[in-house]
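Me: I am new to reading protein structures. Could you take me through one, feature by feature?

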Amino acid sequence: MKSALTPILANAEVAGRFLDDADLAAAKIPLERAEARLEAAEKLAMYHDDLVQDVIDTFLRRSGTAAVDVDRAIDRDLCLIQYCLVVGNTSPFDEWGRSPNRSAAVAAVKADIFNYIRDRGSAGLKLSPAAAAELKFYLNYAIEALK
Amino acid sequence: MLDSFSRAVLDADAQTAYVEGDRLARLRQFAASHQQRIIAVELIRQQANDIIAQAISAMVAENPDLIQRGGNCYPSRRMATCIRDGEFILRYVSYALLAGDGAILEQRCLEGLKETYQTLGVPLSSAVAAIAEMKQATLAQLEVQLQDADVSLKQPLLAEVADYFEIAMTALR
C-alpha cells in the first residue's frame, strides 16, 4: 500500500542526495494524476452505501443470486479499490483483496458485480472523465483479479 | 517511511474504513498544490549550499566562541561536520516536503540526534539556532519563488515547510 513517492524517496535517501530533476520528474506523474484519483476516491467514500444498496436491489435481484453477506464483501472490496485510488496503484487490492478462503463461486459473483458497477457509467457517481477513467481502471483490475 | 497517501490508507485500514473527511480533504489539497510543492523541493536543492552557509554564519556570529580553539566548530574538520549536519537536516526536510508527511524526517534523521549531540558535546542551543536560520532563509527564498502562486496554495505550503523545521528544532530542545 505504498504510493509511487515512497521508492523515489527511498532511492534518494540511500544515495544520500537531495531529490534531483529525475526524481521530481518521476514524482510529478503520479501527483498530476492524484487529483482525478482523489475525486473518484471522495465520491466512493460518500456514496459507497448507495452503490452497494443498488447492487443488492438491482443486480442481485435480477440475477437471482443469494445475497448472504455479499453486501459486506462487496463493500470491503470497494473500500480496497478506494485505497488503490488514494495510493495510485493496485497494491492495496493485491495485499488484502485476495483472500485464500474465497471460493471461486463468490469470486465469480463479485466479478459480475464489479462489471455491473463499472458499466453503470461512472458507477452513478457523477465523476469527471479523468476520475471515471481512474475508477474504471481499478474496477477492471479487480475484475481480472477475481476471474 | 511513508508519504501522505500511504499513511492515509494505512490509518483507514486499521479502522476498516474508507479514507474520508478531513483526511481526504488534506490529500486533495496536497494534490492540488503539487506543482508548487515540486518547485519548493527543487529550490531547496538548488539553494541548499547558500541556505546552510547563511545559517552557519549566523550561528557563529551569535556565538563566536564556536570557532575559537576549544569551540565546537574548531578546527575546520569540525566545521565541516557541522555543515554536513545542516545539509542532512535540510535534505530530510525536503524529503518530508515531497512526501507531505514529517515521518521520514522524524524517524530517519531526528531520532536519537539529540542524544548523539549530547554525547559529542555539541551545543544544542546553537544547533537549534542554525535550524531556525535555515527555516528563515528557506521561507524567504520560497516566498520569492512562489510569488505568482495562488495564496490558497502558497500559504499552506509555506506553513508546512515551517512545520518541518519546527519539528527538527523541537527534537533538539
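Me: Which side chain does A:E134 meet in a salt bridge?

Reply: Look for a side-chain nitrogen of Lys or Arg within 4 Å of a carboxyl oxygen of Asp or Glu. Keep in mind that this is a predicted model. Here A:E134 pairs with A:R33, at 2.9 Å from N to O. The pair links distant parts of the chain. A:E134 sits in helix α6 (residues 129-146) of chain A, and A:R33 sits in helix α2 (residues 21-63) of chain A. They are 101 residues apart.

Me: How many salt bridges does the structure hold over all chains?

Reply: The total is 18. Between chain B and chain A the count is 4. Take A:E42 and B:R28, which form a salt bridge. Their closest N and O atoms are 2.3 Å apart.

Me: What elements make up chain B, and in what order do they run?

Reply: Chain B has 8 helices and 0 strands. Its pattern is α-α-α-α-α-α-α-α. The C-alpha atoms of chain B fill roughly 60 × 40 × 20 Å.

Me: Now the interface. How many residues of chain B are in contact with chain A?

Reply: Contact here is a matter of heavy atoms within 4.5 Å. On that rule, 37 residues of chain B touch 39 residues of chain A. Area is another way to read an interface. About 3,600 Å² is buried between chain B and chain A. Carbon and sulfur atoms give 70% of that area. In chain B, the residues that lose the most area to chain A are B:F5, B:Y18 and B:R45. Together they account for 21% of what that side buries.

Me: What about empty space? What volume does the largest pocket have?

Reply: Rolling a probe the size of a water molecule over the atoms shows where empty space is left. In this model, the largest pocket has a volume of about 460 Å³. Its lining counts 28 residues. Nearest the centre are B:T81, B:C82, B:D85, B:Y117 and B:V122. At least two lining residues come from each of α3, α4, α6 (113-120) and α7 (124-145) of chain B. The most come from α4(B), with 9 residues. The lining divides into 19 nonpolar, 5 polar and 4 charged residues.

Me: Which residues lie nearest the centre of the second largest pocket?

Reply: They are B:S4, B:R26, B:G100, B:E160 and B:Y164, out of a lining of 17 residues. This pocket holds about 390 Å³ of space. The helices α1, α2 and α8 (151-172) of chain B each supply at least two lining residues. The most come from α8(B), with 6 residues. By class, the lining has 6 nonpolar, 4 polar and 7 charged residues.

Me: Last topic: the backbone. Which residues does a cis peptide bond join in chain B?

Reply: Most residues other than glycine have a negative phi, and most peptide bonds are trans. The cis bond joins B:Y74 and B:P75, with omega about 0°. B:P75 lies in the loop between α3 and α4 of chain B.

Me: Where does A:K126 lie, and what is its phi?

Reply: A:K126 lies in the loop between α5 (104-119) and α6 of chain A. Its phi is near 55°, a positive value in a residue other than glycine.

Technical notes
Residues are numbered from 1 along each chain as its sequence is written. Chains are lettered from A and ligands numbered from 1 in the order in which they are written. This is a predicted model: local features need pLDDT of at least 70, side-chain atom pairs count only at pLDDT 80 or more; totals for chains, interfaces and linings use all residues. Side-chain values use heavy atoms; hydrogens and water are left out. Buried area is the accessible area (1.4 Å probe) that two parts lose on being put together, summed over both. On a 1 Å grid over the protein atoms alone, a cavity is a set of points where a 1.4 Å probe fits but cannot get out, and a pocket is an open set with protein on both sides within 12 Å along at least five of seven lines; lining residues have an atom within 4 Å of a point. Grid points are joined across faces, edges and corners, and a volume is the space filled by probe spheres set on the points. Helices (H or I, at least four residues) and strands (E, at least two) are DSSP runs, numbered from the N terminus. Ala, Val, Leu, Ile, Met, Phe, Trp, Tyr, Cys and Pro count as nonpolar, Asp, Glu, Lys and Arg as charged, and the others, Gly among them, as polar.
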